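Have the coordinates open as you read.

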Amino acid sequence: MKTYIIDLAKYVYGKVNRQKGTLRNRLVNGYSPGGDAQFNIDTVAENAVLQYIAERKEPIALYTEDGGLRLFGENPQYILIIDPIDGTRPAAAGLEMSCISIALAKYKNNAKIKDIEYALLMEFKTGNYMYSDVFSESICFEGYQNELPNLSQVTDINNMFWSFEFNGHPSQLMINAYGHLIDKSANNGGVFIFNSASYSISRIITGQMDAYVDIGNRLLKDNPELLKEFQKVGNGRVLHLFPYDIAASVFLAKKAGVIITDAYGNSLDDTLLTDLSYNNQQSCIAASNKQLHRKLLEQINWDLNEK
C-alpha cells in the first residue's frame, strides 16, 4: 500500500498544480458535509482522487471531506481517509501552507485514529512529502533538506514559533484564551495562522515550528452554551478539527516523537475516522517536546470568566 498511497498523492499533486487561475480557485461552490466552504480547487483535488482510484481498480473504501464514505470494488480491506486539500485557502491563494493528507486503516465499523496503518502528507507548493507506516520506526521523506524528524528543543513560551486556528472559531474567545501567549511570543518568537492543521503539525516535524494549538473544541465541550457562537462563525455548523484534518498528521507526529494530544492533554487515538459530529471533532495541542507541551496546557486561559 505504500506505493499506492505515494502514487495517489503525486497524482493529485499533478492535477492540482495544473489548475490555473488563482482568482478562479478562490470561488466558493458549495459546502462540505461538515459545513466547511468548498472552493473550486477542492473540486479539482477531489476529482483527482476519484480518477486515481478508478484507474487503479483496487477494492477500497474512501472517506473524503467533500464526498463522505464511498466503496470501490467488492470487499475492500482498507479505508482511505483523505483530505484532498488541507489548507484550501492558502492553496487557492497560491501560498505554500497546504497538504494532501492521506491515512489508511483496516476497513471496519468505527475505525479510529489508533487503527491507522499508513500515513502521508504531501505539500502542494513543493511536492515534498513525509510518509510512515506501522511497519517502520522511521519517517520516509522526499524533498526536505534536513533529516526528518528534526524537532526543536525550544521550551520557552517567549521564544516559541507556533501556529493556531481561527477558521470557525470566535476570535474574541481565542484571544481571551491565549492572547497573552501571542503577546509574549510575537516578537522574540513567531506567531502564525496557516489554516491547515496538517501543515501546522508537519512544520513541527520539520523543525520550522515548535507548537500548534487548536482549542476550540475543548472550549465548546467545557462551555456547551457557546454552541451558537461557534455556529455563527461556521456557516451554521461547528467547524473544529475533523478526523480527516488530522488523521495522517497525528500518526506521523507520534512517529516523529512530537507530543500531540487533545486540549485536555489526552490521547487522540480514540477519535472515530468517519464521524463528523462536533462531539467527535477534536482540539489539539502539539509541541516538539514535553516541557513546551506542558507549559501550553498550563498557561492557556481555560476559564472564560477570568480577565
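Q: Which residues does Lys125 touch, not counting residues up to four places away in sequence?
A: The model is predicted: local features need pLDDT of at least 70, side-chain atom pairs count only at pLDDT 80 or more, and totals for chains, interfaces and linings use all residues. Residues are numbered from 1 along each chain as its sequence is written, and side-chain values use heavy atoms, with hydrogens and water left out. Contact means heavy atoms within 4.5 Å. On that basis, Lys125 touches Tyr13, Gly94, Leu95 and Glu96.

Q: How many Å separate the backbone oxygen of Gly94 from a polar atom of the Lys125 side chain?
A: Lys125 sits in the loop between strand E7 (116-123) and strand E8 (129-133). Its side chain places a polar atom at a distance from the Gly94 backbone oxygen of 2.6 Å.

Q: Is Glu117 buried or exposed?
A: Glu117 lies in strand E7. Buried means under 20% relative accessible area, exposed over 50%, partly exposed in between (1.4 Å probe, protein chains only). The relative accessible area of Glu117 is 15%, so Glu117 is buried.

Q: Which residues does Glu117 touch, not counting residues up to four places away in sequence?
A: Glu117 is in strand E7. Its contacts are Tyr78, Leu104, Ala105, Lys106, Ser132, Asp133, Val134 and Phe251.

Q: What is the relative accessible area of Leu69?
A: Leu69 belongs to strand E4 (residues 68-72). Leu69 is partly exposed, at 45%.

Notes:
Helices (H or I, at least four residues) and strands (E, at least two) are DSSP runs, numbered from the N terminus. A polar contact is a pair of N or O atoms within 3.5 Å; within protein, one must be able to donate a hydrogen and the other to accept it, and residues adjacent in sequence count only if both atoms are side-chain atoms.
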